[in-house]
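Hi everyone, thanks for coming. Today I'd like to walk you through one protein, step by step, so please have a look at the screen with me.

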Amino acid sequence: MDDLISIIVPVYNVEDYLPRCIDSITSQTYSNVEIILVDDGSTDSSGEICDAYALIDQRIKVFHVDNGGQSRARNIGLKQATGNLIGFVDSDDYIENDYFETLAKGLQENKASLVCGCPSATKDFEIITKEQAIIRTMGGDLMTVVWNKLFRVSVLEGVFFPEGQVHEEIEFNRKYFQQVSSVAVIRCDGYKYTLERTGNTNSRFEQSRLDTYPQVLDFIADASKAGLVEAKRAVILFGLVNFRSMYEVATKTGQDVATLKKIHRCFTHLFKMALYNHAFKGDYKRLARALLLVVAPPLYIKRYSS
């Protein structure tokens with residue numbers, strides 16, 4: 001019998017998108033699934049929609065909780081999951097009907113810890129090492145998101161999302177990679193991301209974004225301890241991009257001088273780490289851009305921030 005896949009869906013005020021999302025999951029050609037809908041204190045009709053679907057499909061489990069954010073909702077889903085495999089879908093997105101069948105095939109007859117669906121993969125299927133997976137996740141085509149991946153439950157044992165933070169997937173990636181042996185990559189375009197989603201964290205600033213700094217440093221330390229030199233460089237560069245973007249958004253949204261200085265200190269430290277670890281590897285354009293932000297932030301903003 002096929003392994004049971006637990007599909008975790010955090011739900012918050014998405015009444016316009018939710019039926020499409022749930023319909024796409026219930027119509028999967030891979031039918032041995034449990035669908036865990038975590039209503040995160042929705043104030044629209046999302047909770048009622050979840051309950052209505054649970055009445056017509058016994059594979060659906062609904063949990064209504066006080067609003068605590070996406071990370072907490074996902075963690076509740078992880079604690080309730082009973083499947084051998086774990087997948088995630090965001091409630092304003094949807095998936096093609098063969099999406100999880102395609103991902104599940106990527107874990108058949110191999111010992112990979114997880115499979116990642118990648119539309120731009122150069123091969124139909126491949127098994128890559130842990131280091132290659134970190135490099136491609138933190139700075140390449142595999143991305144840090146969880147909705148394009150299917151995990152063996154053993155890889156997520158004791159792994160949860162940090163709550164009350166944005167970019168929570170950085171720490172989640174760090175933790176599960178500690179338990180990864182290899183990763184399967186399959187060419188797949190079955191996940192449909194909603195581009196017009198509201199409240200995009202790329203366009204607003206939250207103080208909790210600064211919490212990503214120790215997360216990035218911990219990830220760098222893990223890679224260093226494991227002797228994964230190229231992975232370490234990839235994580236450092238990821239941190240640079242993250243804090244560069246953060247500085248730009250903080251400037252655009254009129255954050256105070258103290259906040260800008262904190263971000264700049266983090267970026268400068270990561271820049272020095274990049275130099276010491278030869279992370280730029282001859283990419284002088286990237287080096288010059290980063291150096292400008294280090295030595296002359298106003299000029300950087302004038303040059304690069306539109």
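Predicted model: local features only at pLDDT ≥ 70, side-chain atom pairs only at ≥ 80, totals over all residues.

Is Ser-182 buried or exposed? Its relative accessibility is 16%, and buried means under 20%, so Ser-182 counts as buried. If we set aside the neighbours within four places in sequence, Ser-182 is in contact with Lys-111, Ala-112, Ser-113 and Leu-114, and also with Ile-127 and Ile-128.

Now let's zoom out to the whole protein. It has 11 helices and 10 strands. Its radius of gyration is 20 Å, close to the 19 Å that the globule rule gives for 306 residues, so the protein is as compact as a globular protein of that length. If you follow the C-alpha trace along its principal axes, the spans are about 60 × 45 × 30 Å.

How much of the chain is buried? Of the 306 residues, 53% are buried. Contacts across the sequence are worth a look too: taking those with a separation of 6 or more, 79% are between residues 24 or more positions apart.

Next, the inside. The largest nonpolar core has 66 residues. Which residues have the most contacts inside this core? They are Phe-88, Phe-151, Phe-172, Tyr-176 and Phe-243. Helix α8, residues 229-252, gives the most to this core, with 11 residues. There is also a second, separate core of 34 residues, which includes Val-14, Ile-22, Phe-100 and Ala-112.

Not counting residues up to four places away in sequence, Phe-172 touches Leu-78, Phe-88, Val-146, Phe-151, Leu-156, Val-159, Phe-160, Phe-161 and Pro-162. Two of those names come back when we turn to Asn-75. Asn-75 lies in helix α3, residues 70-80, and counts as buried at 3% relative accessibility. Beyond its neighbours within four places in sequence, Asn-75 is in contact with Phe-160, Phe-161 and Glu-163.

Back to helix α8, where we find Ala-234. Ala-234 is buried too, with a relative accessible area of 10%. Its contacts, leaving aside neighbours within four places in sequence, are Ile-135 and Met-138. Here is a distance you can check on the screen: Ala-234 and Ala-112 are 122 residues apart along the chain, and their C-alpha atoms are separated by 22 Å.

Now move along to the loop between α8 and α9, the place of Gln-255. At 23% relative accessibility, Gln-255 counts as partly exposed. Gln-255 is in contact with Phe-205, Gln-207, Ala-250 and Leu-260, again leaving aside neighbours within four places in sequence. How far apart are Gln-255 and Gln-207 in space? From C-alpha to C-alpha it is 9.7 Å, while in sequence they are 48 residues apart.

In helix α9, residues 257-276, you can find His-264. His-264 touches Tyr-247, Leu-293, Val-294 and Pro-297, not counting residues up to four places away in sequence. His-264 and Ser-27 are 237 residues apart in sequence and, C-alpha to C-alpha, 48 Å apart in space.

One last topic: backbone angles. Most residues other than glycine have a negative phi. Asn-13 has a positive value, with phi near 50°. Asn-13 is found in the loop between β1 and α1, and is partly exposed, with a relative accessible area of 29%. Met-143 has a positive phi as well, of about 65°, although it is not a glycine. Where is Met-143 found? It is in the loop between α5 and β8, and with a relative accessible area of 34%, Met-143 is partly exposed.

Terms used. Residues numbered from 1 in each chain as written. Heavy atoms only, no water. Helix = DSSP H or I, 4+ residues; strand = E, 2+ residues; numbered from the N terminus. Rg over C-alpha atoms; globule rule 2.2 N^0.38 Å. Buried < 20%, exposed > 50% of the residue type's maximum accessible area, 1.4 Å probe, protein only. Contact = heavy atoms within 4.5 Å. Core = buried A, V, L, I, M, F, W, Y, C linked by side-chain atoms within 4.5 Å.
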